[in-house]
Amino acid sequence: MEETKERNGGQIPVGRPAPGDGSREDERDRKARKAFLRLTGGDDEQEHISMSLRSILGGDILAARWFRRQILYILFLSLLAIVYVSNRYACQQEMIRGQHLADTLLDRRYKTLTLSSQLKEMTRRSNVEENLRDTSLQTSNVPLYRLKIEE
């Protein structure tokens with residue numbers, strides 16, 4: 001049960017100002033209650049009205065009731081943002097690596113094609129005969145003879 005005390009002939013709960021008393025003590029209690037409610041975030045309407053850039057930059061928004069209620073949601077959104085940025089960074093790294101590997105593969109194919117054409121050029125009969133002129137080897141004048149192999 002709530003404690004009460006008698007004031008002006010009626011029972012009034014302790015800690016509440018007497019209605020219509022108008023004394024200085026009651027005015028101080030009212031001001032203290034307002035200051036306490038503003039500090040603890042109990043008076044949201046007053047907070048929304050007095051919200052300014054200075055109060056946000058000063059850090060007063062961190063003590064607001066709305067902010068305290070939404071802190072888990074804000075942390076969750078921050079976590080999602082970090083995961084999104086790290087995933088995008090990893091994806092870009094993979095794309096760069098894939099492009100580098102594709103460029104390397106294309107370069108090696110070109111080199112292989114060049115070496116293959118050089119090898120074909122060097123093994124042509126005309127080039128082989130030209131290189132054999134300086135040696136004692138000569139091209140055979142006998143036609144080819146095919147051996148038959150039974151399967």
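**Figure 1. A nonpolar patch on the predicted model.** A patch, as used here, joins nonpolar side chains within 5 Å, each from a residue with over 30% relative accessible area and no salt bridge. The structure shown is a predicted model. Tyr73, Phe76, Leu77 and Leu80 make one such nonpolar surface patch, of about 400 Å². Tyr73 sits in helix H5, which spans residues 71-122. In the protein, H5 is also where confidence is highest, at a mean pLDDT of 97.

**Figure 2. The whole chain, for orientation.** Six helices and two strands make up the secondary structure of the protein. Along the sequence they follow the order β-β-α-α-α-α-α-α. How much of the protein is buried? Buried residues account for 6% of its 151 residues. The accessible surface is about 14,600 Å². Carbon and sulfur atoms hold 57% of that surface. Contacts between residues at least 6 apart in sequence were also sorted by separation. Of these, 11% join residues at least 24 apart.

**Figure 3. Salt bridge between Arg30 and Glu27.** The structure holds four salt bridges, and this view shows the one between Arg30 and Glu27. Their closest N and O atoms are 2.8 Å apart. Both residues belong to helix H1, residues 24-40. They are three residues apart, about one turn of the helix.

**Figure 4. Salt bridge between Glu121 and Arg124.** Side chains of opposite charge can pair when their charged atoms come close. Here the side chains of Glu121 and Arg124 meet in a salt bridge, with an N to O distance of 3.3 Å. Glu121 is partly exposed, at 38% relative accessibility. Arg124 is partly exposed too, with a relative accessible area of 48%.

Figure 5. Why does Arg125 count as exposed? Its relative accessibility is 57%, and exposed means over 50%. Glu129 has a relative accessible area of 30% and is therefore partly exposed.

**Figure 6. Confidence along the model.** The protein averages a pLDDT of 81. At least 70 is reached by 79% of the residues. Which helix has the lowest confidence? Helix H2, residues 44-50, does, with a mean of 51. At the other end of the range is H5, at 97. Helix H5 also contains Tyr73, one of the residues that make the nonpolar patch of the opening view.

Definitions and conventions. Residues are numbered from 1 along each chain as its sequence is written. This is a predicted model: local features need pLDDT of at least 70, side-chain atom pairs count only at pLDDT 80 or more; totals for chains, interfaces and linings use all residues. Side-chain values use heavy atoms; hydrogens and water are left out. Helices (H or I, at least four residues) and strands (E, at least two) are DSSP runs, numbered from the N terminus. Buried means under 20% relative accessible area, exposed over 50%, partly exposed in between (1.4 Å probe, protein chains only). Contact means heavy atoms within 4.5 Å. Accessible areas come from the Shrake-Rupley method with a 1.4 Å probe; for residues, only the protein chains shown count as cover. Patches are made of residues with over 30% relative accessible area and no salt bridge: like charges are joined within 9 Å, nonpolar side chains (Val, Leu, Ile, Met, Phe, Trp, Tyr) within 5 Å. pLDDT is the predictor's confidence in each residue, from 0 to 100.
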